[in-house]
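Please look over the sequence and structure before reading on.

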Amino acid sequence: TQTSLARSTISVGQRWMYRVTAFATAATWCRPLLQFREAGCKVHAGFSCAERVRCRVPSALHGVRRRMASLPHGLIAQNSASFLDAATAQRVDDELMGAEFGFTLEQLMELAGLAVAQAIYAQYGPATESLDVKSAALPAVTVCCGPGNNGGDGLVAARHLAQFGFSIVKIVYPKHGKNPFYAKLVTQLRALNIPIESSAETELVSSPPSSPTALAPIVVDALFGFSFRAGSSGVRAPFDALIRNINAAQQGDAKARVVSVDMPSGWHVDDGLPAEHMGPQHISDQFVCAPDVLVSLTAPKRGAANLSPHAHHYVGGRFVPPALASRLGIELPSYTGSAQIARLS
């Protein structure tokens, strides 16, 4: 009787949407199992076949849950992609910037930053209801950048976000990178009148910050990427205090949303974060970020396989040539239209 009543409240078109989703769900479950049989347990893009299934099935489950929750408002495309270990991820970058494919670091950084900005717009733009505060205006953003390429991606993303109409409250850039290109990115941001704070200028590298509004409703974690290796003493100052304050804004009354670039800061690129460390108290103790949104670049990294089931996962890697993906045995997600991002979960 309840089923009949529920069916009577939806249109024929909406019923077809449920049927199509059920079919897509079955296909999502079957695909990794068929690939498991065909691959013969050989190592593929840094994973054994069994590991690939373990990574994909949870991702498929998370996508199914979100898809069912979104109905009947519309179908969300489900994607799959290879999860790369650190060595494979580094090889992809090296190949892209080699003689055969001819990319430069600056090109890849521009494409990566654009993908991050597109993912934030897709998740928190005007057509979404992902924030507690409903407003016609785009939400404000704080971008926290590290000294390496991940920080460079964040600087590029900040410029695109500003041009999309987001209010960039400030960029927290405690330690500037040595590459002269980073200085040019800073110049571009200053030309847009975006405040940039160093360690000496920001309260966010002390603990606790003097103001609960020191961070915007959306915080971009562009501190450390897939090449990050924590030392024996863990994350060094000033980034330890900065991560602590990001977590405080996320877990406190402000309920800030954290968007991590490529890998959540503090996570091991291959091992990720153990499940027992995923609770809020453990997150604070470990000086690691627990993102609400992860934007993987080029392809997802192996450590992202145990991302929280509540997190949204995008990938921005439309620049990877199919020939390179085929050579390395990497499955790329499907992109639609002019989008530089694809949604994994």
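The model is predicted: local features need pLDDT of at least 70, side-chain atom pairs count only at pLDDT 80 or more, and totals for chains, interfaces and linings use all residues. Residues are numbered from 1 along each chain as its sequence is written, and side-chain values use heavy atoms, with hydrogens and water left out.

**Overall**
- The protein has 10 helices and 8 strands, taken as DSSP runs (helices H or I, at least four residues; strands E, at least two) numbered from the N terminus.
- Of the 345 residues, 51% are buried (under 20% relative accessible area, 1.4 Å probe, protein chains only).
- Contacts (heavy atoms within 4.5 Å) between residues at least 6 apart in sequence join residues at least 24 apart in 74% of cases.

**Helices H6 and H7**
- H6 (residues 149-164) packs with H7 (residues 180-191) at an angle of about 20°, the axes being 10 Å apart; axes are lines fitted to C-alpha atoms over the stretch in contact, and angles run from 0 to 180 degrees between N-to-C directions.
- H6 is therefore roughly parallel to H7 (angles under 35 degrees).
- Residues of H6 in the contact include Leu 155, Val 156 and Arg 159, while those of H7 include Tyr 182, Leu 185 and Gln 188.

**His 312**
- His 312 lies in strand E7 (residues 312-316).
- His 312 is buried, because its relative accessible area is 16%.

Technical notes
Buried means under 20% relative accessible area, exposed over 50%, partly exposed in between (1.4 Å probe, protein chains only). Angles under 35 degrees count as roughly parallel, over 145 as roughly antiparallel, 65 to 115 as roughly perpendicular and the rest as oblique.
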